[in-house]
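The following note sets out several points for a colleague examining this model. Each point takes up one feature and may be checked against the coordinates.

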Amino acid sequence: MKKVFTKHPSFRGVEILTEENWNIVNRRYVVKSISELMHELLLMPKEVEVLDDGGIQFLLDTDDPAIQYTFIGYARAMGHWYIPESSLIKTVNGDTQNADGLAFYLELEKTIAIDPFTLTRFLDETYKTLYADAYMRVRSDIPVEQLIDMDSQDIEHRMKGHPWATVNKGRNGFNINDHEKFAPESDRTVQLSWVAVHKIRASYQSTAQYSFASLMEQELGRDLISSFHSILEKSGVNPEDYFFIPIHDWQWKNKLVFYFAKDIANKMLIPLRTGTDNYSPQQSIRTFFNLTHPEKCYVKTAISILNTSVYRGLSPKKLKRAPFITEWIQSRLANDGYLQDLGCIFLGEIASVAYEHPHFGAIENAPYQFKDMLGVIWRESAQPHLDTGEKMITMAALMHVDEEDGSFMKALIDKSGLSPQQWIEKYLDCYFKPLLHCFYHHGLCFSPHGENTMLILENYIPKRIIIKDFVEEIHLNQDEYKKAPEQIRQIIKEVPNEYVSLFILSGIFDGVFRYISNIAKTYFDYPEIQFWSQVAAVIRSYQQEHPELEYAFQKFDLFVPEFIRVGFNRVRLLEYGYNDNTDIPELNACGNHKNPMVAFAENEMELV
């Protein structure tokens, strides 16, 4: 469903900025901020009253004694709080005012201990996130009963952003035209521009089955390749000296034409032309899905905007490693009958081109965003892996709620003919069991979240998963690291034993199940204790199926009483701020969580 705005042609984007819409998204943003900042122990409001339904009436004081917030919170596992939007009340000297997402952080600057420079930049991202939220309310909301039957890309474009990050659509660097053209919620198709890069500067890496020529024939076709050759020959250069790579238009206009000016002048980088295939931007912004030929590769481009704490460029060092890691992981898993029976697929990053900037690349400890401006990854498409009758959706959709408080997950359950318990059991079997097997049997440490996991449905029922974007995140536990080939030890990090379990406990329990269990409780009254008991049952079932791994089950125990609490928003607000770093910021610890699994460690039946 597309909506074309016709008013104010000279002032694009203002149509969504009505008072009602702005107030709604600001209230929603403040509610999310309070919930996530309480989760990360940055806000500790006072408990005023325990209500009959188990909710708690809270009072949040601000830096200004005249300004207060009251709200009702419902405690969930791992310090999560569900806060009904309607319960939030802001008062100034006793008078009720509309919640304001920007003012909220100004009012709590000292309480949270945000320095002024960080706060200013954070508000910059907040403004853009709020604009995107307002845009989505007007343009892209569809009732979940209709959305569940739509194409995977239609669903992709209606996701509301990272559940953990408060500023989840900052996209610093985009203007209004960029937003309308490149943001996934804008639901626009794009054609990628291509450039030729000289082999003196660029390097091509691939898995064994792809030469550069065979990849180009697959992705471009002979006519377009011939056209590129003609452009290069007219430029007086030999086409065989160059690789062809797609680039993001924003990157060309804002970065490449300036920072690669010398290389353009010296014909190290030569603009070619726009490709002929239509692409769809994914939730991650820099990755594109081929709409014209869905069987062709996903294309991941560099785009040097700051979004969800990270500049979205592509590291030359990581680009060079990606195909090798893909081959090693896929060969390691290829003959695993357990994963084959579960139908789990890992989409490989089968080829890449890395381009070293001649000047920034020579600075050893330069901020990473200056080194990561040009490159590309081609990732396998999920489409060829789908069987007849299967439907692919982003797993992030399970956390999606429409404007009428309709839950996407509940809509699937209603259409499936299964009870919520049966449906959730199917979901956990197809998502969690493969991860447990990779974790325990193969020693692979990674945490595929909602955006990086494609859930495959059949008749609205979870059947299996397809995992993408795993290459950069893969680590090895210490035992497996010691056994890995030398080449792998040079490029994949090992995880100290004391932190290994966090890839499940923090990455999956806190980063995925915390939200899904809350959705289930909030929108179809599914008991939290029941959800977490099913998670425990999957772990126990896997352990019973693999008694030979008892040593690993004890060593990396998922039933420990507590685990480290990780702060995602703390990274931006306190730990790193907006300082330049030599690599992407890491999440930091902030106390401990009570593990919901402890209730089932000795078959106890009490959620803690």
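1. Helices, as named in this note, are DSSP runs of H or I with at least four residues, numbered from the N terminus. The model under discussion is a predicted one. Under that definition, helix H14 comprises residues 408-416, and Asp414 and Lys410 lie four residues apart within H14, so about one helical turn separates them. Asp414 and Lys410 form a salt bridge, with 2.8 Å between the closest N and O atoms. Lys410 is partly exposed, its relative accessible area being 29%.

2. A second salt bridge joins the side chains of Lys181 and Asp249, at 3.4 Å from N to O. This pair connects distant parts of the chain: Lys181 belongs to helix H7 (residues 176-182) and Asp249 to helix H10 (residues 249-259), 68 residues apart.

3. Lys521 is partly exposed at 28% relative accessibility, while Asp525 is exposed at 54%. Elsewhere, salt bridges with shared partners bring Arg28, Glu85, Arg137, Lys160 and Glu403 into one network. Over the whole structure, the search finds 35 salt bridges.

4. Concerning helix packing, helix H15 (residues 420-440) packs with helix H19 (residues 502-524) at an angle of about 175°, and the axes are 13 Å apart. The angle makes the two helices, H15 and H19, roughly antiparallel, because angles over 145 degrees are classed in this way. On the H15 side, the contact involves Pro420, Tyr427, Leu428, Tyr431, Phe432, Leu435 and Phe439; on the H19 side, it involves Ile504, Ile508, Phe509, Val512, Phe513, Ile516 and Phe524. Classified by residue type, the contact of H15 with H19 has 14 nonpolar residues, with no polar and no charged residues.

5. Which strands form the edges of the open four-stranded sheet? The sheet has the order S16-S22-S21-S19 and mixed pairing. Its edge strands are S16 (345-346) and S19 (390-394), each of which pairs on one side only. S16 pairs with strand S22 (residues 461-467) in the parallel sense, over two bridges. Ile467 in S22 is the bridge partner of Phe346.

Key. Residues numbered from 1 in each chain as written. Predicted model: local features only at pLDDT ≥ 70, side-chain atom pairs only at ≥ 80, totals over all residues. Heavy atoms only, no water. Axes fitted to C-alpha atoms, helices over the stretch in contact; angles between N-to-C directions. Parallel < 35°, antiparallel > 145°, perpendicular 65-115°, else oblique. Contact = heavy atoms within 4.5 Å. Nonpolar A, V, L, I, M, F, W, Y, C, P; charged D, E, K, R; others polar. Pairing = 2+ DSSP bridges. Salt bridge = Lys/Arg side-chain N within 4 Å of Asp/Glu carboxyl O. Buried < 20%, exposed > 50% of the residue type's maximum accessible area, 1.4 Å probe, protein only.
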